[in-house]
Amino acid sequence: MTSSNLLRACLLSATALCATGLSAVASAQTAPAAPAPAPTATPTPAPNPAKPLKPLTGKVEPRWGNIRTFWGDVSPYWGNIRTFWGDVNPYEGDLSAFWGNIRTFNDGTTAGNLSPLWGNIRTFSGELGAQWGNIRTFWGNIRTFSDAPGDYASLADQLKALVQQSETFWGGAVQTQTGKSFSEAFSNPMLSKYGIDLGNPESLARLTPDQRERFFLDWYDGLMNYSGADHVDHWMKAINWTPKLTQIQGSGADSVIGLVDFYAANDPDVKNKLIYSGGVSTVDNGHGVAVLSLMVASHDGKGVMGIAPNAKIAAYNPFDATQTADWAAVRMGITEVTKRGAAVVNLSLGVPNWTLHPDWQTVLKSKEVDAVKNKTIFVIAAGNDGITQTQNVNMKDAFDTTFLVVGSVDPSGKISDFSNRPGTTCLLDGDSCKYSSKIEESGLLMNRFIVAPGEFILVSDGKGGVTRMSGTSFAAPLVSGAIALIHDRWPWLKTYPRDVAKAILASAKDLGAPGIDPVYGVGMLDVEAAQSALDFNKLKYYLVDPTKRIDTTVTGTTTTTAVPTGAVEIKVDALRTTGIQSAWVTKDMYFTAFEPLLQTKRDFLIPLSSRLVGTQRNGEYFQEFVYNRFMSWMGGGASSVAGAAPFGRGFSDLNRVPMYGVNEWSLSMTGKLLNTAPGIEGYYRPRLQTSVDVQSPSGKFGFSFGHGDGAVFLGGQQATQLTSDFDAYSGGVNPLLGFASGGAHVAGRVEIAPSVKVSLGMTSQRRDLRDDLHKVTDINDRRLLNGLDPYKSAAANLRVDYKASPWLNLAASLTRLDEANALLGVRSIEERDLADGSFTDGVTISADAAIGSGFSLFGSATGARTSSGGKGLLQVSDGGLKATAFQVGVSKQRLLGKGDNLRLTIAQPLTVENGSIEMQMVKVIDRATGEIGVVNERFDIAGPGRRYIAEAVYGGSILDGRGEVALFGRAELRQVDATMPRMMAGSRLRLAF
């Protein structure tokens, strides 16, 4: 055919708009002018002498025989909705998962008033579906009216029951929104539209099977108009799209979509998005507005939802009164809409019996269109003839123009009977066909062919209501809408159409034969995947050399692909391990990673926590904490840790063994055998922690040294001598010492005045890498973490103890924590992040009072300030991080007998109250152009809230000391970390023979 060939719109032949099949079903809110016995076809337009060829719409027959599939497990309306939606259920439970922040219902009486109907829609739909299934079966098996008038009378009664059931559920909503009764506003117009008179059963015999199915589709869609929420349709799940995704990605607010199609500005919603309308403005058949509704319809609580509801529209109508057009009109339409900024142009039109007609080449290579080929992507509907193209297409001079061809699939994901297919057709670049494994380089049409749902698609009818249409015309706008979202998220990609095409095509879900095939092309459109990285292993981020920090007043280069000098490229596959510190995860702390496409990059935000490792609890929480409580912590019930609490009673998980010294100098040894969790090899590794204490004859001088729980020796008081009391994640007693506890320690003390002692000590930790890796099960994560240096820290502590009275001890201490490669216990997989570590200074005050009868009250409070070393990529901002911790409790000795203890505590583990960290990172600094530069980012890392933990520990001896029983209970009074169990308990029984 020549360039004067006419084009036909890819319309639904089952609607009157296409002059074939059944008439479109108008919204239930719009009554027809007069009852009709059954929808009929519209007459074919008269020939246009100047345009001898008429649009060949064919007969688009949606597969009504498969409607049970659409209606059953793959139904968005009833039955097993969770099968259809997965975890996203729009009808019950937490609507926010699907709807985002969209208001679901306003009944018109009070703003924001949620309708009680909404929570029950699924129940109603299930009942309605079951009832209709029975009617459908009965109606399908019924004989002619003359043979069985009684059966039709029974059928009329069943339909009356359906009407009554619908009125009972929806009557109030219909009355509220229309001011009319259910029958006046809805049921009577709907029945009349199909020529149904329930008082005259013979009228039911006039409906064909297709009309019966369409009647019920229309009945349900009409009822949903009164739900107060936008309609949910089957295509949404099929292409992996939700309104929330659109909200996150910007809703297309900075995108312009070009439409070359029937269009007249008579739809109020769409008209609000219109920035240009050209062409034949006096001709409209509703096809264009139906296409537009899938792209830009507002999320406003009624009707259809568009994929990019805030996108702008530039529309051009090339069709005249004969509903035909020539290539010149299409070329003009493309030219005009691209002048208005359209970077994607939807073309739901074509030539009969072609998937892609050769004359597209004349349009695309034309001077006007060629001028915009580097900033426009064209989306072309494949056509509705059910053919497979066999003839190659010469695309000489237009081969590098970016266009996609879109076919249709039914609700079950199978290619539509009416959809044209690409076959093995080649797009010739001159005389040759280019074969390539790369989608973007191959000359095969199927490499540019993608499918999307195109049957029974709910669209706007252009009159404020909805209707259902089928055809590749309604698959194409789903692709165009997805492209608009990409343009909105990455605006510079508007001038890189081939990169956008790669994102759409390479992210498609494979259908049919494995790989790209002649029926489905690359497969099904996947909107979420197109918005995500195509291959996370190819993502890269950039580090700014910490010794050559870049002046951030110089904002980078003038191109989108260049990386600032001094930045080091790192692959993101080095970040597969997930973040462990919940406080870092919950904050909006991200760094930028880049995905290389064809000519440019696009950026993704990755949680900074993915670079961090630290103290992990999660699945190890119960085992670790319960075990620590039960490892010989009783120690006879009243022993004190040597040197830790110099003025009296103790409550410790260390066993003290006295040893007689020389010349009245006394020695004692404490220790415990830890059976640690399994390391890399998978077995448990016992580890001995032991310390020696030496005390002068007068008791005024002493010192201790050893390897193990240094925090207990330097900071413990009478009732806080459990190792876990000093743990930053479980206890509230001087957590700075806890960070440095576990390695070598030494301390000395001297009495400088009656009742006053001064202690000075140091403790350290070098945590074996195996202690981190035993919590990591993924082999790749283990490989990454194997490159980490061991955690190394040291703390110095100066402490003053004052015995105010025989029953009251007071203490104050200063602590300095030096972490060589971490920040409050957190390390980074990228060693340059915290290359120079951090310093934390803290003040701790504590008190311990024996109030009689074996009762003691005790408490400890710590305030700390953290600063960074100065050479890492991550730096603590001026002012430092300010953190607090406290623990208070009561203990009772000899509760049930002389050999038992009970301790009750409430603790606030270490919490960062305020402060931020800074990081120089490479990111996009101009989202219009994609310019990359260096930016100094600041992140507030104050905790998500204070955790409060209540704990009870009881232990006692039994059987005259031959046995021991221990009980433990713990509760998160204010849970901040969802990975922590709210409550847990444990017990231990030990017997000796």
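A residue counts as exposed when its relative accessible area is over 50% and as buried when that area is under 20%, with partly exposed in between. The views below are taken from a predicted model.

View 1. Ser 853 sits in the loop that links strand E29 (838-852) to strand E30 (855-868), and its phi is positive, about 60 degrees, although the residue is not a glycine. Asn 353, likewise not a glycine, has a positive phi of about 70 degrees and is found in the loop between strand E7 (349-350) and helix H13 (360-364). With a relative accessible area of 44%, Asn 353 is partly exposed.

**View 2. The protein as a whole, as background to the close-ups.** The protein contains 23 helices and 38 strands, and 57% of its 993 residues are buried. Among the contacts with a separation of 6 or more, 71% are between residues 24 or more positions apart.

**View 3. The largest nonpolar core, with Ile 504 among its most connected members.** This core holds 157 residues, of which Trp 241, Leu 347, Ile 504 and Leu 525 touch the most other members. Helix H15 (residues 476-489) gives the most to this core, contributing 8 residues. When residues up to four places away in sequence are not counted, Ile 504 touches Leu 404, Ile 450, Val 479, Ala 482, Ile 483, Ile 486, Leu 525 and Ala 530. Another core, of 31 residues, lies apart from the largest one and has Trp 132, Tyr 152, Ala 156 and Leu 159 among its members.

**View 4. The crossing of helices H11 and H15.** Two packed helices are described by the angle between their axes and the distance between the axes. Here the axes of helix H11 (residues 287-296) and H15 come within 8 Å and cross at roughly 35 degrees, and the crossing is right-handed. On the H11 side the contact is made by Val 291, Leu 294 and Met 295, and on the H15 side by Pro 477, Leu 478, Ser 480 and Gly 481.

View 5. Just after H6, Gly 195 takes a positive phi of about 70 degrees. Tyr 226 lies in the loop between H7 and helix H8 (234-238) and is buried, with a relative accessible area of 1%. The C-alpha atoms of Tyr 226 and Gln 177 are separated by 7.4 Å, although these residues are 49 residues apart along the chain.

**View 6. The hairpin of strands E13 and E14.** Strand E13 (residues 457-460) pairs with strand E14 (residues 466-469) in the antiparallel sense, over 4 bridges. Ser 460 has Val 466 of E14 as its bridge partner. The two strands form a hairpin with 5 residues between them, and in the turn Gly 462 has a positive phi of about 80 degrees.

View 7. Strand E34 (residues 916-926) is mostly covered, with 9 of its 11 residues buried. E34 is joined by 3 bridges to strand E31 (residues 874-876), and these strands run antiparallel; the bridge partner of Gln 875 in E34 is Glu 918. E34 also pairs in the antiparallel sense with strand E35 (residues 931-940), over 10 bridges, and Met 921 stands opposite Val 935 in E35. E34 and E35 form a hairpin with 4 residues between them, where Gly 930 in the turn has a positive phi of about 80 degrees.

Note on methods. Residues are numbered from 1 along each chain as its sequence is written. This is a predicted model: local features need pLDDT of at least 70, side-chain atom pairs count only at pLDDT 80 or more; totals for chains, interfaces and linings use all residues. Side-chain values use heavy atoms; hydrogens and water are left out. A nonpolar core is a set of buried Ala, Val, Leu, Ile, Met, Phe, Trp, Tyr and Cys residues joined through side-chain atoms within 4.5 Å. Buried means under 20% relative accessible area, exposed over 50%, partly exposed in between (1.4 Å probe, protein chains only). Contact means heavy atoms within 4.5 Å. Two strands pair if DSSP finds at least two bridges between them. Axes are lines fitted to C-alpha atoms, for helices over the stretch in contact, and angles run from 0 to 180 degrees between N-to-C directions. A crossing is left-handed if the near helix is turned anticlockwise from the far one by less than a right angle, and right-handed if clockwise.
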